[in-house]
Amino acid sequence: MLVPRAPNSLLAALPGREYRRLLAGLEPVTLTFGDVLYEPGETIRHVYFPGTSLVSLLTLADGHLALEVGLIGRDGVVGIPLMLGHDVSAVRALVQGTGTAMRMAAAQFLKAFRRSPPLQRELYRYTHTLMAQISQTAACNRFHVVETRLARWLLMTHDRVKSDRFRLTHEFLGHMLGVRRVGVTKAAQALQERKLISYSRGDITVLDRAGLEAAACACYEVVKDMHDGAPAGPATTGMPVIAAA
Ligand SMILES: [Zn+2]
């Protein structure tokens, strides 16, 4: 039987047999910009493996001020608390980019997780990377100026959507950076004047990737190196049918 390639790199890293076993419980879905997958305090009913979609993790302060602390795309999974023994989300998981994902019901996921060491390995590896991303973001928000942080988030988005054009509204950028609209406008204009991006009504085009990397704070490289440096595990010996798209 021909098994379609997994667009999610975490699934793609699983040995073919493990991936095929998981497929029965995976349901292809479209995640739409603005959809809320979890709210803080809500029970997690599904885990999501993004393909072309992009999901933001937002921490709320005072019940309404939202700040993005994590960004998950084809590199990861939404629903990590489940495998750590918690079925309640601490953060809001908000769809930032419309696209594909595979989802699995929580109970079924836990069953699969318990019986599959390769899946455990991939999920633990990813959890570590996500924790590094979240803690680096805490330091970044405190120490780095808005323009360099904006460049960093644009690079992180660019890496995950694998397209030079994507959509990020002012409101979203405000959440990403924890600043008001005027701060977003100023930072975006500064990057635009340097001809690194073009930005019009929420449509962003990356014009100069290398320039954007030079404009970003060092936090971008720190997290990326951790990501890229992770051991490949059994993926290199996996079946070709599950190679990353
Ligand atoms: Zn930074």
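This is a predicted model: local features need pLDDT of at least 70, side-chain atom pairs count only at pLDDT 80 or more; totals for chains, interfaces and linings use all residues.
**Entry 1: the positive patch**

Arg17, Arg20, Arg21, Lys111 and Arg115 make up a positive surface patch. I then checked which helices supply these residues. Both α2 (16–23) and α4 (106–115) give at least two residues each, and α2 has the largest share, with three. I picked out Arg21, which sits in helix α2. Its relative accessible area is 39%, so I noted Arg21 as partly exposed.

**Entry 2: salt bridges across the chain**

How many salt bridges does the structure hold? I got eight.

I took the pair Glu39 and Arg92 to begin with. Their closest N and O atoms are 3.0 Å apart. Glu39 is in the loop between β2 (36–38) and β3 (46–50), while Arg92 belongs to strand β6 (residues 92–97), so this bridge ties together parts 53 residues apart in sequence. I also looked up the cover on Glu39: at 22% relative accessibility, Glu39 is partly exposed.

Next I went to Arg160 and Asp75, a salt bridge with 3.4 Å between the closest N and O atoms. Here the pair links distant parts of the chain, 85 residues apart: Arg160 is in helix α6 (residues 146–161), and Asp75 is in the loop between β5 (65–72) and α3 (80–83). Are these two partners buried or exposed? Arg160 comes out buried at 8% relative accessibility, and Asp75 is buried too, at 9%. The cut-off I used for buried is under 20%.

**Entry 3**

I turned to Glu122 and Arg125, whose side chains meet in a salt bridge at 2.8 Å, N to O. Both lie in helix α5 (residues 117–143), three residues apart, or about one turn of the helix. I looked up the accessibility of each partner. Glu122 is buried, with 3%. Arg125 has 19%, and I put it down as buried as well, since buried means under 20%.

I also found a network of salt bridges that links Asp159, Arg209 and Glu213.

**Entry 3: helix α7**

Gly178 takes a positive phi of about 70 degrees.

Methods:
Residues are numbered from 1 along each chain as its sequence is written. Side-chain values use heavy atoms; hydrogens and water are left out. Patches are made of residues with over 30% relative accessible area and no salt bridge: like charges are joined within 9 Å, nonpolar side chains (Val, Leu, Ile, Met, Phe, Trp, Tyr) within 5 Å. Accessible areas come from the Shrake-Rupley method with a 1.4 Å probe; for residues, only the protein chains shown count as cover. A salt bridge is a side-chain nitrogen of Lys or Arg within 4 Å of a carboxyl oxygen of Asp or Glu. Lys and Arg count as positive and Asp and Glu as negative; His and the chain ends are not counted. The place of a charge is taken as NZ of Lys, CZ of Arg, CG of Asp or CD of Glu. Helices (H or I, at least four residues) and strands (E, at least two) are DSSP runs, numbered from the N terminus. Buried means under 20% relative accessible area, exposed over 50%, partly exposed in between (1.4 Å probe, protein chains only).
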